[in-house]
Amino acid sequence: MESVTDHQFFIVTLTARLTVSPSSSQFFKGDFVSLSCEEDDSSAGWTLRRNTSRDTRAECGDEWGRSAGSSCNISYIFTVDNGVYWCESREGPISNMVNLTVTGGSVILQSPVLPVMEGDDVTLLCKTKTTPSNLPAAFYKDGSLIRKQPTGHMTIQHVSRSDEGLYKCDISGHGESPSSWITVTDKHTTTPPPTSTPPPTSTSPPDFSCVPLSLFSLVLTVSVISSVCVLVLVVLLVLLVRRQVQRKTEREELEMMTSRTAKAQVINNSQSEEAEVVFNVLCVEGSC
């Protein structure tokens, strides 16, 4: 019979990244859009799916888009194509999700589709459907005006988490673009490989900071229980001593009362004997 330890198990993580061409999350009605699954393993069988107001988990080629290998082309995009798009494999893993916005208006904001890494530069472009598209534009973040640019594009240098938010732009005489969310992620940091260190030359006190909290709780509980037990024993000992003292006092009082009773009995007996002697004497003398 084979044991579990006779086998080795490997966990394989399949990853893919959804990219959009042109690189934008906003499009004019009628634009051509190509979505691609950049995959690490072509055998994983990645397919493109989407959620919109009229369909859920709809696959490319099924009433929307035209499948071309790991890509999906939308030759004429409509406003009903607004929604969330992603890549999904037969094994289950999915890629990043991209929110596409299609407008019937005349102004869009071209912004990064994928999350931006902290420290990078980000350029936003405010475009009109008609040429020229480099008209002066005003840029807004979370509803507040950031700045006005004469050429229709704005660069945010060295973005940080505070730059994350909802952006839109406005071109005077043409209109306002829809809003798009820009996500900023932490910069990846690399950890140097561990290096060997010489053994310590002196003995240091033990460090209890790595002791699990549950162990401290157990020790504290045991200490509290021990203290309670000691207190109970002391109280019982005090009560026992008081009881013994009380019994001794009661015994001494009983002995004292017994002694007093005996003495009184002796006195009564003596008085009775004396009275009897006097009575006898009187009788002899003829007085009785």
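Let's start with one cysteine: Cys37 is buried, with a relative accessible area of 4%. Buried means under 20% relative accessible area, exposed means over 50%, and partly exposed is in between, using a 1.4 Å probe and protein chains only.

A word on the source. This is a predicted model, where local features need pLDDT of at least 70, side-chain atom pairs count only at pLDDT 80 or more, and totals for chains, interfaces and linings use all residues. Residues are numbered from 1 along each chain as its sequence is written, and side-chain values use heavy atoms, with hydrogens and water left out.

Back to Cys37. Which residue does Cys37 form a disulfide with? The partner is Cys87, and the two sulfur atoms sit 2.0 Å apart. Here a disulfide is a pair of cysteine sulfur atoms within 2.5 Å. Cys37 lies in strand 3 (residues 33-39) and Cys87 in strand 8, so the pair ties together parts that are 50 residues apart in sequence. Strands here are DSSP runs of E, at least two residues long, numbered from the N terminus. The S-S torsion of Cys37 and Cys87 is about -105 degrees, so this disulfide is left-handed. Cys87 is buried too, at a relative accessible area of 0%.

That rule gives a count of 3 disulfides. Next pair: Cys60 and Cys72, with sulfur atoms 1.9 Å apart. Their link has 85 degrees about the S-S bond and is right-handed. Cys60 sits in the loop between strand 5 and strand 6 (66-68), Cys72 sits in strand 7 (residues 71-74), and they are 12 residues apart. Both Cys60 and Cys72 are buried.

Another disulfide joins Cys126 to Cys169, S to S 2.1 Å. Its torsion is about 80 degrees, so the disulfide of Cys126 and Cys169 is right-handed. Cys126 belongs to strand 12 (residues 122-128) and Cys169 to strand 16 (residues 165-171), so the pair ties together parts 43 residues apart in sequence. Cys126 is buried at 0%, and Cys169 is buried at 0% as well. Now look at Cys229: it is partly exposed, with a relative accessible area of 43%.

On to the sheet. In what order do the 5 strands of the open sheet run? The order is 2-9-8-4-5, with mixed pairing. Two strands pair if DSSP finds at least two bridges between them. Strand 2 (26-28) and strand 5 (58-59) are at the edges with a single partner strand each, so one side of each has no neighbour in the sheet. Strand 8 (residues 83-88) and strand 9 (residues 98-103) run antiparallel, joined by 3 bridges. Gly83 stands opposite Leu100 in strand 9.

The largest pocket has a volume of about 290 Å³. A pocket is an open set of points on a 1 Å grid over the protein atoms alone, where a 1.4 Å probe fits, with protein on both sides within 12 Å along at least five of seven lines; lining residues have an atom within 4 Å of a point. Of the 18 lining residues, the closest to the centre of the largest pocket are Ser25, Asn99, Pro112, Val113 and Trp181. Strand 9 and strand 18 (180-182) each give two or more residues to that lining. At least three lining residues come from each of domain 1 (14-104) and domain 2 (107-187).

The second largest pocket holds about 200 Å³ of space. Its lining includes Arg50, Arg54, Glu63, Trp64 and Asp81.

How values were computed
Helices (H or I, at least four residues) and strands (E, at least two) are DSSP runs, numbered from the N terminus. Grid points are joined across faces, edges and corners, and a volume is the space filled by probe spheres set on the points. Domain bounds come from an automatic or database domain assignment.
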